[in-house]
Each structure stands twice: as structure tokens, then as C-alpha cells.
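Please open the model in your viewer and keep the selection panel at hand.

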Amino acid sequence: MTNPSKIQEGGVEYSLGKFDGKNVSYDFTKILVYLNAKGELLFGKHFRIYEDDKEILWKLTNYFIKDYDNCAKFNIDPDKGLLLSGPVGCGKTSLMRLLKHLVPHLRPYTVIPCRNIVFGFNHLGYRTIEDYGNVQSFCFDDLGVEPMGRHYGKDCNVMGEILISRHELFLKTQTKTHATTNLNAKELEDLYGIRVRSRMRQLFNLIAFDMNTKDKRG
């Protein structure tokens, strides 16, 4: 049986906690050691976990490992997706690319920029919206700053339509959708409309960085 409490990376075995044959008792300190190491492998030697981010990482980690008790304390539903919000450069995309490696035994999701999806729509049309309504898991990166879609002279709020499709998919199959955004709830509602915003509440847990979080790209 595979031991989900241990992960091999670059010839090194990392322990995330203790496995009793059925369940893993995760250790957050050990998880941080692994995430730092995996982050360096993914993003380069400059990557590091910031002290200021440990509180949000604690929430995100509990979501990914499905610690139902701690999720309940933060009002997080592990069966819904994540909407990770925060200012530009705070590390949202990096964390979403990183944290899926914490649970390699679970089905992974693909991180894709929303602007790339819109460019695909401009080229291929409505087939693009259908493609993202399938049973694959996605994390839509930078939701809300993508341009309006345009195909054969017709404008389309591409991501709004895709979110409606993902909501229908979630109700039928429980397939998760994740997203990152720089926008707040009011800005998202202004952009996509109240109909999409209400579906987003069912699709996502909202986890937000402090708006004063510093830009880590500098």
C-alpha cells in the first residue's frame, strides 16, 4: 500500500506525518519543510515560505489534507473548490501550483490563466466553453482581469459562461473548480453579474490574503 504520509522529491524522502494504515496524522511543521523544498524545485532557489503567509497556509493545508475539524473552525467546506484572493504578487498562483503536490494520491487539477482561455475562445469559439465544462479539475488563474471574448464579431463573457458550466458540473458530479483572483466579491459581481456570483458562492470557499500582503516579485 502506498504511504501518503511520505513523498519522494529529487531523491529525498519527506515525511508529512504518521500513517496508521488508514489515516494520516499530518504535522504542519513537516508539511512546511516539504513545501519549501518542493517550491524550490518548482520555482527556483529564490522561493521560500514567508512567516506572514503561515496563517493562510495553515488554512489551505487543512483544506487540501481534508482535516474536517480544522476546516469547520475556518468555515471551509473541503468538498467545494477554492477561490484564493489577494493583491498582485502575493503568491496566490505559486501556492495553487504548489499545494496540489501535497496530496499526490488525490486527483490533480490543471492551473491555467484565464486570459489564455479567452484567447482560445477568440480562435475556436464556443467549443472552448464546452471543453472547460468537462469533468477535469481546473484552477482558473487571474480570474477577473481577462479581456472580453470576441468570436466572429460577437462579444462573450467567456469566464462567466465557463463558471456557469462548472457550477452545473459541480452539482452533477462534485467536480471541483478552483480559481485565483485579485478582485474582491463586489468587483467580481460587477464583472460577471449576480447570477454568476451566486453560483460562485456554491462553487468556492473564499480564502483571502491580507490586502496589505507585500509583493513578493520585487
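A residue is called buried under 20% relative accessible area, exposed over 50%, and partly exposed in between, with a 1.4 Å probe and protein chains only. The model is a predicted one, in which local features need pLDDT of at least 70 and side-chain atom pairs count only at pLDDT 80 or more, while totals for chains, interfaces and linings use all residues. Residues are numbered from 1 along each chain as its sequence is written, and side-chain values use heavy atoms, with hydrogens and water left out.

Select Phe121 and Tyr126 to begin. Tyr126 is partly exposed, with a relative accessible area of 42%, whereas Phe121 is buried at 0%. The two rings form an edge-to-face aromatic pair, 5.1 Å centre to centre and 85° between the planes. Rings of Phe, Tyr and Trp (its six-membered ring) pair if their centres lie within 6.5 Å; planes under 30 degrees apart count as stacked, over 60 as edge-to-face and the rest as tilted.

The structure holds nine aromatic pairs. For another of them, select Phe64 and Tyr109, a tilted pair at 6.3 Å centre to centre with 35° between the planes. Phe64 belongs to helix 2 (residues 54–64) and Tyr109 to the loop between helix 4 (92–99) and strand 6 (110–113), so the pair ties together parts that are 45 residues apart in sequence. Helices (H or I, at least four residues) and strands (E, at least two) are DSSP runs, numbered from the N terminus. Both Phe64 and Tyr109 are buried.

Next, display Lys100, which lies over the face of Tyr109 at 5.5 Å from the ring centre. A charge sits over a ring if NZ of Lys or CZ of Arg is within 6 Å of the ring centre and within 35 degrees of the ring normal.

Now turn to the largest nonpolar core, which has 33 residues; Leu35, Leu57, Leu60, Phe64 and Leu99 have the most contacts inside it. Such a core is a set of buried Ala, Val, Leu, Ile, Met, Phe, Trp, Tyr and Cys residues joined through side-chain atoms within 4.5 Å. Helix 1 (28–43), helix 2, strand 5 (81–85) and helix 4 each give two or more residues to this core. Helix 1 gives the most, with six residues.
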